[in-house]
Amino acid sequence: MDYKAFFHDVALWMDESNEQLKQHTLFAREYWDWVMRSTSLLCKKYDNHPLVMRQVKMLYEYQEALYLKYKDVNG
């Protein structure tokens with residue numbers, strides 16, 4: 001696996017996540033649909049390599065933690 005390319009793709013994913021959040025909110029279905037679709041594509045691109053799966057899980061869990069944190073604040 002090309003680790004440099006993968007981590008570059010992770011950085012691009014994070015940039016696009018920020019762009020998606022500008023268009024939608026953390027609470028929008030459209031954002032979470034994008035998260036699921038884009039992380040699935042990232043996993044497939046790297047043949048579901050174990051490192052990729054763990055990284056994607058971490059990205060998802062981080063977004064989920066933000067959602068839960070701000071959900072409580074915003075009611």
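**View 1. Y31 and its neighbours.** Not counting residues up to four places away in sequence, Y31 touches S17, Q20, L21, H24, T25, L26 and Q63. Touching here is contact, meaning heavy atoms within 4.5 Å. Before going on, know that this is a predicted model: local features need pLDDT of at least 70, side-chain atom pairs count only at pLDDT 80 or more, and totals for chains, interfaces and linings use all residues. Residues are numbered from 1 along each chain as its sequence is written, and side-chain values use heavy atoms, with hydrogens and water left out.

**View 2. The whole protein, for orientation.** Helices (H or I, at least four residues) and strands (E, at least two) are DSSP runs, numbered from the N terminus. The C-alpha atoms fill a box of roughly 45 × 20 × 15 Å, taken along the principal axes. Of the 75 residues, 29% count as buried. Buried means under 20% relative accessible area, exposed means over 50%, and partly exposed is in between (1.4 Å probe, protein chains only). Among contacts with a separation of 6 or more, 68% come from residues 24 or more positions apart.

**View 3. The largest nonpolar core.** This core has 14 residues, and those with the most contacts inside it are F6, Y31, V35, L42 and V52. Helices α1, α2 and α3 each supply at least two residues of this core, and the largest share, 6 residues, comes from α2. A nonpolar core is a set of buried Ala, Val, Leu, Ile, Met, Phe, Trp, Tyr and Cys residues joined through side-chain atoms within 4.5 Å.

**View 4. D9 reaches across to K45.** D9 forms a salt bridge with K45, and the closest N and O atoms are 2.7 Å apart. The pair links distant parts of the chain, with D9 in helix α1 and K45 in helix α2 (residues 29-45), 36 residues apart. A salt bridge is a side-chain nitrogen of Lys or Arg within 4 Å of a carboxyl oxygen of Asp or Glu. By this rule the count comes to 4. Why pair up at all? Side chains of opposite charge can pair when their charged atoms come close. D9 is buried, at 12% relative accessible area, while K45 is exposed, at 53%. Leaving aside neighbours within four places in sequence, D9 is in contact with L42, K45 and Y46.

**View 5. Two salt bridges within helices.** In helix α1, K22 and E19 lie 3 residues apart, about one turn of the helix, and their side chains meet in a salt bridge (3.3 Å, N to O). K22 is exposed, at 65% relative accessibility, and E19 is partly exposed, at 36%. Over in helix α3 (residues 50-74), K57 and E61 are 4 residues apart, which is about one helical turn. The closest N and O atoms of their salt bridge are 3.7 Å apart. K57 is exposed, at 51%, and E61 is partly exposed, at 39%.

**View 6. A nonpolar patch on the surface.** M1, Y3 and F7 form this patch, with about 290 Å² of accessible area together. Patches are made of residues with over 30% relative accessible area and no salt bridge: like charges are joined within 9 Å, nonpolar side chains (Val, Leu, Ile, Met, Phe, Trp, Tyr) within 5 Å. Accessible areas come from the Shrake-Rupley method with a 1.4 Å probe, and for residues only the protein chains shown count as cover. F7 sits in helix α1 (residues 3-23) and is partly exposed, at 40%.
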